[in-house]
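Here is my notebook from a first look around this structure. Please keep the model open beside these entries and follow along.

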Amino acid sequence: MFGWAITFLIVALVAALLGFTGVAGIAVEIAWILFVVGIVLFVVFLIMGRRRSPPL
């Protein structure tokens, strides 16, 4: 998830340098959404992992 966010961020930076502000804005929004989803999933799986009981 974070890999895709970084990819879209790089695409946004390149598009902004080339003057494609619309594409850069959309790529930044997608990168931000993927980053937030990645953080939320990380926290959810972290909490789920702590609730697991040890095997008997």
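**Entry 1: A16.** A16 sits in helix α1; helices are DSSP runs of H or I with at least four residues, strands are runs of E with at least two, and both are numbered from the N terminus. I then looked up the distance to V37, which lies 21 residues from A16 along the chain. Their C-alpha atoms are separated by 24 Å.

**Ground rules.** I am reading a predicted model, where local features need pLDDT of at least 70 and side-chain atom pairs count only at pLDDT 80 or more, while totals for chains, interfaces and linings use all residues. Residues are numbered from 1 along each chain as its sequence is written, and side-chain values use heavy atoms, with hydrogens and water left out.

**Entry 2: the whole chain.** I looked up the secondary structure and got two helices and zero strands. The radius of gyration, taken over C-alpha atoms, is 17 Å, well over the 10 Å that the globule rule gives for 56 residues, so the chain is more spread out than a compact globule. That rule is 2.2 Å times the number of residues to the power 0.38. The C-alpha trace spans about 60 × 15 × 10 Å along its principal axes. I also noted that 14% of the 56 residues count as buried.

**Entry 3: the helix pair.** How do α1 and α2 pack? The angle between α1 and α2 (residues 21-50) is about 160 degrees, and their axes are 8 Å apart. Axes are lines fitted to C-alpha atoms, for helices over the stretch in contact, and angles run from 0 to 180 degrees between N-to-C directions. That makes the two helices, α1 and α2, roughly antiparallel: the cut-offs are under 35 degrees for roughly parallel, over 145 for roughly antiparallel, 65 to 115 for roughly perpendicular, and oblique for the rest.

I listed who makes the contact (heavy atoms within 4.5 Å). From α1 the list includes F2, W4 and F8, and from α2 it includes L34, F35 and G38. The contact residues divide into 18 nonpolar, one polar and no charged. Here Ala, Val, Leu, Ile, Met, Phe, Trp, Tyr, Cys and Pro count as nonpolar, Asp, Glu, Lys and Arg as charged, and the others, Gly among them, as polar.

Entry 4: V11, in α1 (residues 2-18), counts as partly exposed at 40% relative accessibility. I found V11 and I30 to be 11 Å apart, C-alpha to C-alpha, and 19 residues apart in sequence.

L9 also belongs to α1 and is partly exposed at 42%. Its C-alpha atom is separated by 9.0 Å from that of E29, 20 residues away along the chain.

V23 took me over to α2, and V23 is partly exposed at 45%. The C-alpha atoms of V23 and A12, 11 residues apart along the chain, are separated by 6.9 Å.

Technical notes: Buried means under 20% relative accessible area, exposed over 50%, partly exposed in between (1.4 Å probe, protein chains only).
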